[in-house]
Amino acid sequence: MILILPVFCLSQEYGKGNVRLNDIQVIGSHNSYKIGIEKPLWEYLFQLDSSMAKSLQYEHIPLTQQLDLGLRNLELDVFHDPQGGHYSNPKGLDIVELSGEKFLPFDREKKLNKPGLKVFHVQDIDFRSHQLLFQEALLELLTWSNKNPEHTPIFITLNTKDEKIRQLKDPLVFDADALENLDKEIKTVLPNEKLITPDMVRGNHESLERAIIEKGWPSLDEVKGRFLFILDESETRCDLYLDTFPGLKNAALFINKPEGSPEAAFMIVNDPVRNFDKIRNLVSKGFMVRTRADSGTVEARNNDYTRFEKAKASGAQIITTDYYLPSKLFESHYKVDFGMGTFERIKE
């Protein structure tokens, strides 16, 4: 049974100390930074590959507005750019001009020329972002948190992007140095008292997994006002992060490791229909799971809540969607919340 509560009720449970971090369920956004592709470029992409274009036809309000609305999970895609300028002047701007249209203002402050991690979806074609710089996205989160210090912990999933796509600029490889810099930028912007870290959860246990099984996650009372970061990547990339932070000691990030791994604690299982029993099993053992209510605009176009209902019933603590608000880009009534506009609740 799930008890649905308005957002403010969660904070009322803090002092009781009987609600742990894995006892809650929150709704968050997928590719949270994303600004929609402007019409001339989207129509060009549609002519090339209609299915691909449709899958990219979504957008989000700014991060602060999402948090104000009540979302408690965000996702950021991060590109390596240590010298700066690698992703400046995306080809999509030229495509718009060739169509006879003027492209919308983009990166007037030349932020893409600055060294450091960048935030957007796909190089050259889906490059508009509410925060182009990872550090500025973190600063926005910190500013909001400082103004709302009692907030339920916010989960931030991170994808490190370096996929090569034909006819698009080759991204820089997200190597060990890039992963170390990712960790460093988080720690540079967010003080330790704003983070839920593997060290904090592990305590004196021999491994993170043993701590989860034997002790469990901290209570909400202990971790209100904090952020928990998760590296949503393959085991290979997670292992590369472990090369720098063995056992996740002194690490800012949790990683997506399967049950049985010493670092297992938080897992990404995106399909709650196909993997319903798997998610329920992991959750019953104390692990935290992120899953998805919709993907590629499919559910929204069909007003199909099957995945969302399965996600809720699975017990997964984090459920992501592109539609906490209905789409304005195509006709649809699809909207994901827990009822009465709420995006977090406590599981009984």
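1. A quick term before we start: helices and strands here are DSSP runs, numbered from the N terminus. Keep in mind, too, that this is a predicted model.

2. With that in hand, find N89 in the loop between β3 (73–79) and α5. Its phi is near 55°, which is a positive value in a residue other than glycine. N89 is also exposed, with a relative accessible area of 62%.

3. Now hop over to N250, in the loop between α11 (235–244) and β7 (253–255). N250 isn't a glycine, yet it has a positive phi of about 65°. Exposed means over 50% relative accessible area, so N250, at 56%, counts as exposed.

4. On to the inside. The largest nonpolar core has 67 residues, and F134, F155, L158, I186, F229 and F254 have the most contacts inside it. Helix α6 (residues 134–147) gives this core its largest share, six residues. Apart from that core lies another one, of 16 residues, including I95, L112, I125 and L168. As background, nonpolar side chains in soluble globular proteins tend to be buried together.

5. F134 deserves a click of its own. Leaving out residues up to four places away in sequence, F134 touches L76, V78, L117, V119, L158, L182, E185 and I186.

6. Last, what lines the largest pocket? There are 16 lining residues, with L45, L48, M52, R166 and L168 nearest the pocket's centre. Ten of the lining residues are nonpolar, two polar and four charged.

Technical notes:
Residues are numbered from 1 along each chain as its sequence is written. This is a predicted model: local features need pLDDT of at least 70, side-chain atom pairs count only at pLDDT 80 or more; totals for chains, interfaces and linings use all residues. Side-chain values use heavy atoms; hydrogens and water are left out. A nonpolar core is a set of buried Ala, Val, Leu, Ile, Met, Phe, Trp, Tyr and Cys residues joined through side-chain atoms within 4.5 Å. Buried means under 20% relative accessible area, exposed over 50%, partly exposed in between (1.4 Å probe, protein chains only). Helices (H or I, at least four residues) and strands (E, at least two) are DSSP runs, numbered from the N terminus. Contact means heavy atoms within 4.5 Å. On a 1 Å grid over the protein atoms alone, a cavity is a set of points where a 1.4 Å probe fits but cannot get out, and a pocket is an open set with protein on both sides within 12 Å along at least five of seven lines; lining residues have an atom within 4 Å of a point. Ala, Val, Leu, Ile, Met, Phe, Trp, Tyr, Cys and Pro count as nonpolar, Asp, Glu, Lys and Arg as charged, and the others, Gly among them, as polar.
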